[in-house]
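Please examine the sequence and the three-dimensional structure shown here before reading further.

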Amino acid sequence: MAGPAHVNAIKISTNGRRNAEPGSPSAQYFVESYYLALNSHRDSITSFYMPAAEMPGGKPLPSISFNGNQIANAAAMQTMFKQQMPPSHYEVQCYDCHVVNPNYVAEGTQGWPAKTGKNMTILVAVSGYVKYGSSKEAKPRGFSESFLLVPNPAAANTRQRLKNVKEWVIQTQSFRVVV
């Protein structure tokens with residue numbers, strides 16, 4: 001049987017409300033807001049990623065893979081969507097999430113107070129359809145995407161909830177169009 005801390009982490013990572021609110025620490029809010037940004041608010045894409053960092057050994061973070069191609073950083077991802085990608089419409093069919101590390105504290109922070117249950121990493125798996133191009137005849141193509149979300153250091157270091165500061169940001173991402 002799961003203990004209270006584990007149950008709290010599950011509730012935080014999966015918000016059961018239909019339309020999650022900003023500031024809601026949930027995979028649902030992340031999925032809804034991220035794909036809305038890809039569809040129509042491409043100027044905000046970088047805000048979904050953790051600040052640039054390095055893993056031991058020098059590998060850069062965030063780690064972003066788009067159809068097998070490594071993207072250098074969040075700014076390069078945003079530039080790709082704004083300048084190289086046609087208009088798109090992502091339609092999420094389903095998503096699932098799991099707590100990976102229930103005791104994660106972002107580097108350079110004191111983390112969230114323990115009682116909030118927000119010191120964790122969340123794996124989010126998403127699948128759905130995407131249409132590229134503005135034509136109504138554009139064929140929907142299946143996609144699969146995985147994210148590892150971590151607590152946002154900017155949110156953890158402030159006592160006030162700031163409107164545009166996300167509580168969870170992308171550390172690792174892998175996107176694939178399904179053929």
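This is a predicted model: local features need pLDDT of at least 70, side-chain atom pairs count only at pLDDT 80 or more; totals for chains, interfaces and linings use all residues.

Residues are numbered from 1 along each chain as its sequence is written, and side-chain values use heavy atoms, with hydrogens and water left out.

Helices (H or I, at least four residues) and strands (E, at least two) are DSSP runs, numbered from the N terminus. Strands of a sheet pair through backbone hydrogen bonds, either parallel or antiparallel. Here, six strands make an open sheet in the order S4-S3-S8-S7-S6-S5, with mixed pairing; two strands pair if DSSP finds at least two bridges between them. At the edges are strand S4 (69-71) and strand S5 (88-101), each of which pairs on one side only. From one strand to the next, the twist averages 20 degrees. Twelve bridges join S5 to strand S6 (residues 121-132) in the antiparallel sense, and Tyr90 stands opposite Val130 in S6.

Which strands does helix H2 touch? Helix H2 (residues 27-40) packs on the sheet and touches S5, S6, strand S7 (141-151) and strand S8 (168-178), where contact means heavy atoms within 4.5 Å. The direction of H2 makes about 145 degrees with that of S5; axes are lines fitted to C-alpha atoms, for helices over the stretch in contact, and angles run from 0 to 180 degrees between N-to-C directions. Helix H3 (residues 74-84) lies across strand S3 (63-66), S4, S5 and S8, and runs at about 25 degrees to S3.

Tyr29 lies in helix H2. Tyr29 is partly exposed because its relative accessible area is 23%; buried means under 20%, exposed over 50%, and partly exposed in between (1.4 Å probe, protein chains only). Tyr29 and Trp168 are 139 residues apart in sequence, and their C-alpha atoms are 9.9 Å apart in space.

A disulfide is a covalent bond between the sulfur atoms of two cysteines. The structure holds zero disulfides, counted as pairs of cysteine sulfur atoms within 2.5 Å. Cys94 has 43% relative accessibility and therefore counts as partly exposed, whereas Cys97 is buried because its relative accessible area is 8%.
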